[in-house]
Amino acid sequence: WKERQAGITAVDDIIGKGKPLGSQGPYMEAQCGDLWPALKARLKDSNKNLATQVLSLLGKLAAACGAPVERYAKTVMPNMLALISDNKKAVRDAVLSCLGAWAAVCSPETVVRYLPIAISVDAPAGREDAVKWG
């Protein structure tokens, strides 16, 4: 888990340091090669602390890349929204925060396409959080 956390931290540092001073809006290319599938895999990590860090990272990536990130919604949103069923409120809150960041840059149609995943989870608290967000 330490190697996985180091990778997540490294990408987070790159995003943080890559923003030009005074920049408003997107400043990165959304085409990040194997990064999107790797982040998708980390969303299913058994270590929920790492999954929470990835959710934060995905929110930052959405803000950094802007609208072109929409192309990668199909890669990460299903796993992202599936985490809303977690028992830990911190994980559910991280999902909603990440979803908010993606909703800010993606079309409403893209977000709505994946919301049924969050609303159909078995966990009542997760369903409630998803409905309140939507």
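Helices are DSSP runs of H or I with at least four residues, numbered from the N terminus. On that basis the predicted model follows the pattern α-α-α-α-α-α-α along the sequence. The protein has seven helices and zero strands. The radius of gyration is 14 Å, close to the 14 Å that the globule rule gives for 134 residues, so the protein is as compact as a globular protein of that length. Along its principal axes the C-alpha trace spans about 40 × 35 × 25 Å. Buried residues account for 40% of the 134 residues.

The largest nonpolar core holds 40 residues. Leu58, Leu61 and Trp102 have the most contacts inside this core. At least two core residues come from each of α1 (2-18), α2 (35-43), α3 (48-65), α4, α5 (89-105) and α6 (108-119). Helix α3 gives the most, with ten residues.

Tryptophan 102 was examined next. Its relative accessible area is 0%, under the 20% cut-off, so tryptophan 102 is buried. Leaving aside residues up to four places away in sequence, tryptophan 102 touches Trp36, Leu58, Gly59, Ala62, Val69, Tyr72, Ala73, Val76, Met77 and Met80. One of these contacts, Leu58, is itself named among the core residues with the most contacts.

Aromatic pairing was then considered. The count comes to two aromatic pairs. Tryptophan 36 and tyrosine 72 form a stacked pair, at 4.9 Å centre to centre and with 10 degrees between the planes. Tryptophan 36 lies in helix α2 and tyrosine 72 in the loop between α3 and α4, so this pair ties together parts that are 36 residues apart in sequence. Both tryptophan 36 and tyrosine 72 are buried. Tryptophan 36 and tryptophan 102 form an edge-to-face pair, with 6.0 Å centre to centre and 80 degrees between the planes. This pair links distant parts of the chain, with tryptophan 36 in helix α2 and tryptophan 102 in helix α5, 66 residues apart. The relative accessible area of tryptophan 36 is 1%, under 20%, and tryptophan 36 therefore counts as buried.

Not counting residues up to four places away in sequence, leucine 99 touches Met77, Met80, Leu81, Val111, Leu115 and Trp133.

Helix α6 was checked for its length and its faces. At 1.5 Å a residue, its twelve residues should span 16 Å, and the end C-alpha atoms are 16 Å apart, which agrees. The expected span uses one less than the number of residues. Within α6, Thr110, Val111, Tyr114, Leu115 and Ala118 are buried. Seen down the helix axis, the buried residues of α6 fall within an arc of 140 degrees, so they line one face of the helix. These buried residues pack against α4, α5 and α7. Two of them, Val111 and Leu115, are among the residues that leucine 99 touches. The face of α6 turned away from the buried side carries the exposed residues Glu109, Val112 and Arg113.

Lysine 74 is found in helix α4, residues 73-82. With a relative accessible area of 57%, over the 50% cut-off, lysine 74 is exposed. Lysine 74 and threonine 110 are 36 residues apart in sequence and 8.8 Å apart in space, C-alpha to C-alpha. Threonine 110 is one of the buried residues of α6. Aspartate 129 is found in helix α7, residues 124-133. At 11% relative accessibility, under 20%, aspartate 129 counts as buried. Aspartate 129 touches Ile84, Arg92 and Leu96, residues up to four places away in sequence not being counted.

Methods: Residues are numbered from 1 along each chain as its sequence is written. This is a predicted model: local features need pLDDT of at least 70, side-chain atom pairs count only at pLDDT 80 or more; totals for chains, interfaces and linings use all residues. Side-chain values use heavy atoms; hydrogens and water are left out. Buried means under 20% relative accessible area, exposed over 50%, partly exposed in between (1.4 Å probe, protein chains only). A nonpolar core is a set of buried Ala, Val, Leu, Ile, Met, Phe, Trp, Tyr and Cys residues joined through side-chain atoms within 4.5 Å. Contact means heavy atoms within 4.5 Å. Rings of Phe, Tyr and Trp (its six-membered ring) pair if their centres lie within 6.5 Å; planes under 30 degrees apart count as stacked, over 60 as edge-to-face and the rest as tilted. The arc is that of the directions from the helix axis to the C-beta atoms. The radius of gyration is taken over C-alpha atoms; the globule rule is 2.2 Å times the number of residues to the power 0.38.
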